[in-house]
Amino acid sequence: MARYVRVSTISFSGVKEGPEKKVERNLEEALRLLRRAALDKPDIVCLPETFAALGLDHKGWFQTAEPVPGPITDAVGELARRFSMYVICPMVERKDGKVYNSAVLIDRQGKPVGSYHKMHPTISEIETGIMPGTDPTVFQTDFGRVGCAICFDLNFRDVIQGLMANGAEIVFFPSMYQGGLQLSIWAFDFGVYMVSAHDGDGSMMVNPLG
């Protein structure tokens, strides 16, 4: 039986003003875009990689780390609850004394379901203090199983192989770069939908035919 799922992806490069209260203003703008996306009644919406920290240098970016639940997931969760939609909420997450580049799934009730931790951070991320994740986490939703890969992960097939082994049907790709042909290759090679959320123009939805 066919399952119809409405998916939205948000392209967002962050506010343009200086670093003062950057996180608060990025979050405010992202919430505005989420409210706009909600007009189409999506089942799930994906924001770009660490959207609230966009425009900060590495030190400032790292210092935006917060726990889950926390202020960012609380604010996004309120809209997820109000509009009864899932949201992929990428952020710098502090957990058990470690810091991860994460994609947090928030459910229709506005509650965090869990986090995927980027398995292949860049060298600069690792030097800043980001820990690599170890698990290709897949989440059960009321419409199917969703997974995430973040930015540099796209260069490593162990991520998509693990996601598929865990039953992913849609893979969300919050990223600082577009992904391009590699998104189509993963979609075609593994028979999965790929949905990117880029920090500029060029976010894509790719079907299993690539």
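**View A. The loop that holds Gly-55 in the predicted model.** In this predicted model, Gly-55 is found in the loop that runs between strand β2 (44-46) and helix α2 (58-62). Gly-55 counts as exposed because its relative accessibility is 64%, where the cut-off for that class is over 50%. Between Gly-55 and Met-85 there are 27 Å in space, taken from C-alpha to C-alpha, while the two are 30 residues apart in sequence.

**View B. The open sheet of 5 strands.** The strands follow the order β1-β2-β3-β4-β5 and their pairing is mixed. At the edges of this sheet lie β1 (7-9) and β5 (112-117), each of which pairs on one side only. From one strand to the next, the twist averages 30 degrees.

**View C. The pairing of β3 with β4, and helix α3 across the sheet.** Strand β3, made up of residues 86-95, pairs with strand β4, residues 98-106, in the antiparallel sense, and 9 bridges join the two. Within this pairing, Cys-89 has Val-104 in β4 as its bridge partner. Helix α3 (residues 71-82) lies across β3, β4 and β5, and the helix runs at about 170 degrees to β3.

View D. Ser-184 is a residue of helix α6, which spans residues 181-190. With a relative accessibility of 17%, Ser-184 counts as buried, because the cut-off for that class is under 20%. When neighbours within four places in sequence are left aside, Ser-184 is in contact with Val-206 and Gly-210.

How values were computed. Residues numbered from 1 in each chain as written. Predicted model: local features only at pLDDT ≥ 70, side-chain atom pairs only at ≥ 80, totals over all residues. Heavy atoms only, no water. Pairing = 2+ DSSP bridges. Helix = DSSP H or I, 4+ residues; strand = E, 2+ residues; numbered from the N terminus. Axes fitted to C-alpha atoms, helices over the stretch in contact; angles between N-to-C directions. Contact = heavy atoms within 4.5 Å. Buried < 20%, exposed > 50% of the residue type's maximum accessible area, 1.4 Å probe, protein only.
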